[in-house]
There are 2 protein chains.
Amino acid sequence: MTKRVGVIGGGQLARMMIAPASELGIEIRVLAEQNGMSAKLAATATGDYRDLGTVRAFAADVDVVTFDHEHVPQQVLRALVDDGMAVHPGPDALQYAQDKLVMRQKLAEIGVPQPDWAGVSAPDELQAFLDDHGGRAVVKTPRGGYDGKGVRMIASAEEAADWFESFAGERILVEELVDFRRELAQQVARRPSGEMVPYPVVETVQKHGVCAEVFAPAPRASERTVELAARIGVTIAEQLGVTGVFAVELFETTDERLLVNELAMRPHNSGHWTQDGAVTSQFEQHLRAVLDLPLGSADPVAEATCMINILGGPAGAEIDDRFARAMRAQPSAKIHTYGKSPRPGRKVGHVNVASDSIDDAAYAARAAAAHFD
Amino acid sequence: MTKRVGVIGGGQLARMMIAPASELGIEIRVLAEQNGMSAKLAATATGDYRDLGTVRAFAADVDVVTFDHEHVPQQVLRALVDDGMAVHPGPDALQYAQDKLVMRQKLAEIGVPQPDWAGVSAPDELQAFLDDHGGRAVVKTPRGGYDGKGVRMIASAEEAADWFESFAGERILVEELVDFRRELAQQVARRPSGEMVPYPVVETVQKHGVCAEVFAPAPRASERTVELAARIGVTIAEQLGVTGVFAVELFETTDERLLVNELAMRPHNSGHWTQDGAVTSQFEQHLRAVLDLPLGSADPVAEATCMINILGGPAGAEIDDRFARAMRAQPSAKIHTYGKSPRPGRKVGHVNVASDSIDDAAYAARAAAAHFD
């Protein structure tokens, strides 16, 4: 292929686009925040993604601009679009991933089920919401949060007092604490020309606010749940004009409703299983979608696939020993690393195992990942 | 991982090691013959692999040296080994892939079944072989042949007269024309420390001397054939001291014998199906093997996988249209391209399809590949 995809951001999501780009013959170029990042193999520029001049110079040489993260400012994105660049997902869609209040408002408009929520400007408004919702709630900073950062569970308005100070003049998002049975994630790929392909809904397990485990397809999900999740994903992708791969995190409630928790307009941790468990990985699918190429099959290749994140490790001189031990113990484990220096709780890789049974897959994936903890 | 693998040769086999190296965190460095080759993304040096100085400088910075092809001269390989470098496969093994007469002699010594053969120095010796084998035979130049080059089917010694001139003083290999039902290929991965993992035997279809189609696992192969093929592969790998991924091309005769046709001591076209059809692709397995890491599972992920080579195309301005048409028509097709400029008969990519049935896989893979012809 003769196409060039420019990825803003040099993290692991950009890194994991390198393999499918190489196979499809797509030239991938990465604007990395600094040298030595995860996607360094494809880094062709280094600089600040908030600086229009830097981004514009990078974008001049590619056919489409896409992202490793959702943090590129609206004014930069809109300037690229005004330049005539293809930007996917575009600024109109990305605003909903950049501001959780804007997202909640939009989902309310299009009638997608979500937790009760409010945008509050002062402690008394927050306390009123708490009083209406059993005395507990989740507060979120509308912007900049990820992996549990900018999210807090509270039982009184005072617990968010510092936020009202530091975000003075802005509203804070408060959401009811949902009585959920488990968390699910639905991915959908959408092309600019409209074609959409949903992946099977998966179960995600968070630990300390970070995605830790994914079971795909979601075990024991009813047909109704599978269809409903896909419909929610497709509806949001269409109504918000998302292009590329898109993920919606869902709560499955104890009374079998699905409520939208978060949106991600890029490849997502909940879709890493697709690298070894689906016909078309989310990274290949994202490249196809942003280039407006026909989408690939999202069918699973196995009965069950389990993804386990590697957090913190590997560190120290015995890294290679850990790889060898994990490989020896679990020959079916697919180990993916991000080339990152370790830090407690930091995602530095993940393990996928596809199998005939989710229990076998989970056992093998956890056992392999445990060698790196 | 902290390991650096140096690959001599910048062709598609080196290119296809990039994806698994990136996932495993292995740093891959390629000594390419020139700029702009298939593996350019990982090319860190350019130069002549026959030049010891060039190769030695390249090898100084890596943990192990391996290959995209088998053409590095013995004296260069042996100098690296004398330097203390890890070279896999090593010169003792590679000699059997570099010289078909040496290979035939060795297989005879270890008792592996092969076609009748002889090394002949003069037309009368060749004619005598022909007379003993029904008047027809295959002649091969012992060195430098690949993809049908250096191979000729003859019915009289005169048809090889030019070779006796151009290879004066050397022997030519002559082999009986085997009455085969089909061709099979057996891959085995072997680590320097001895662990071996055989892949399932596959059926290969050659067109004009070039691998065109692969069906994996080999359809309708008897249990005896599957076991015998694996035993032949394992025996050769062990007896010849092969390290890395190794392929043996086999004739399955009409009376169900298996005879060794060719050896390849590197990832091989007959193993491209493993990228989308096996738990561990041959490219990942090769990296693990040459680094002496525990080998991955070689189990298929589907009932059947079909690989179809893309020969010649794509060329011209409508390349992107061809990709789009192939993707639209066959959403399950995995398209792999080599970044090569097209030339009639030149392998520029391949398509894999994994499916519940080999007929479905073959149909979809052929249909997708046809868009590029």
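Buried means under 20% relative accessible area, exposed means over 50%, and partly exposed covers what falls in between. By that scale B:Glu256 of this predicted model is partly exposed, because its relative accessible area is 32%.

**Backbone features**

Most residues other than glycine have a negative phi, and most peptide bonds are trans. B:Glu256, which is not a glycine, has a positive phi of about 65°, and its place is in the loop between β13 (244-253) and β14 (258-264) of chain B. B:Asp292 is likewise not a glycine and has a positive phi, of about 55°; this residue belongs to the loop between α10 (282-290) and β15 (304-311) of chain B, and its relative accessibility of 28% makes it partly exposed.

Cis peptide bonds are found in both chains: in chain A one joins A:Ala216 and A:Pro217, with omega about -15°, and in chain B the bond from B:Ala216 to B:Pro217 is cis, with omega near -15°. A:Pro217 sits in the loop between β12 (210-216) and α8 (223-239) of chain A, while B:Pro217 sits in the loop between β12 (210-216) and α8 (223-239) of chain B.

**Relation of the two chains**

Two copies of a chain are related by a rotation about an axis and a shift along it.

**Salt bridges**

Side chains of opposite charge can pair when their charged atoms come close.

| Residue with N | Residue with O | N to O distance |
|---|---|---|
| A:Arg56 | A:Asp83 | 2.7 Å |
| A:Arg181 | A:Glu252 | 3.7 Å |
| B:Lys334 | A:Glu284 | 2.6 Å |

In the salt bridge between A:Arg56 and A:Asp83, the closest N and O atoms are 2.7 Å apart. Because A:Arg56 lies in helix α2 (residues 52-59) of chain A and A:Asp83 in the loop between α3 (74-82) and α4 (91-98) of chain A, the pair ties together parts that are 27 residues apart in sequence. A:Arg56 is partly exposed at 37% relative accessibility, and A:Asp83 is partly exposed with a relative accessible area of 41%.

A:Arg181 and A:Glu252 meet through their side chains in a salt bridge of 3.7 Å, N to O. This pair links distant parts of the chain, 71 residues apart, with A:Arg181 in strand β9 (residues 180-190) and A:Glu252 in strand β13 (residues 244-253) of chain A. A:Arg181 counts as partly exposed at 44% relative accessibility, whereas A:Glu252 is buried, with a relative accessible area of 2%.

The salt bridge of B:Lys334 with A:Glu284 has its closest N and O atoms 2.6 Å apart, and it crosses between chains, from strand β16 (residues 334-337) of chain B to helix α10 of chain A. Both B:Lys334 and A:Glu284 are buried.

A network of salt bridges links A:Lys100, A:Arg104, A:Lys140, A:Glu175 and A:Glu262. In chain B, B:Arg104 lies in helix α5 (residues 100-110) and is buried, with a relative accessible area of 0%. Not counting residues up to four places away in sequence, B:Arg104 touches several residues, among them B:Trp117, B:Lys140, B:Leu173 and B:Glu175.

**An enclosed helix and a loop contact**

Helix α4(A) is largely enclosed by the rest of the structure, because six of its eight residues are buried. The buried residues are A:Pro91, A:Ala93, A:Leu94, A:Tyr96, A:Ala97 and A:Gln98, and what covers them includes β4 (64-67), α3 and α5 (100-110) of chain A.

A:Asp299 lies in the loop between α10 (282-290) and β15 (304-311) of chain A. A:Asp299 and A:Ala278 are 21 residues apart in sequence, yet their C-alpha atoms are 5.5 Å apart in space. Its neighbours within four places in sequence aside, A:Asp299 is in contact with A:Gly277, A:Ala278 and A:Val279.

Technical notes:
Residues numbered from 1 in each chain as written. Chains lettered and ligands numbered in written order. Predicted model: local features only at pLDDT ≥ 70, side-chain atom pairs only at ≥ 80, totals over all residues. Heavy atoms only, no water. Helix = DSSP H or I, 4+ residues; strand = E, 2+ residues; numbered from the N terminus. Contact = heavy atoms within 4.5 Å. Salt bridge = Lys/Arg side-chain N within 4 Å of Asp/Glu carboxyl O. Buried < 20%, exposed > 50% of the residue type's maximum accessible area, 1.4 Å probe, protein only.
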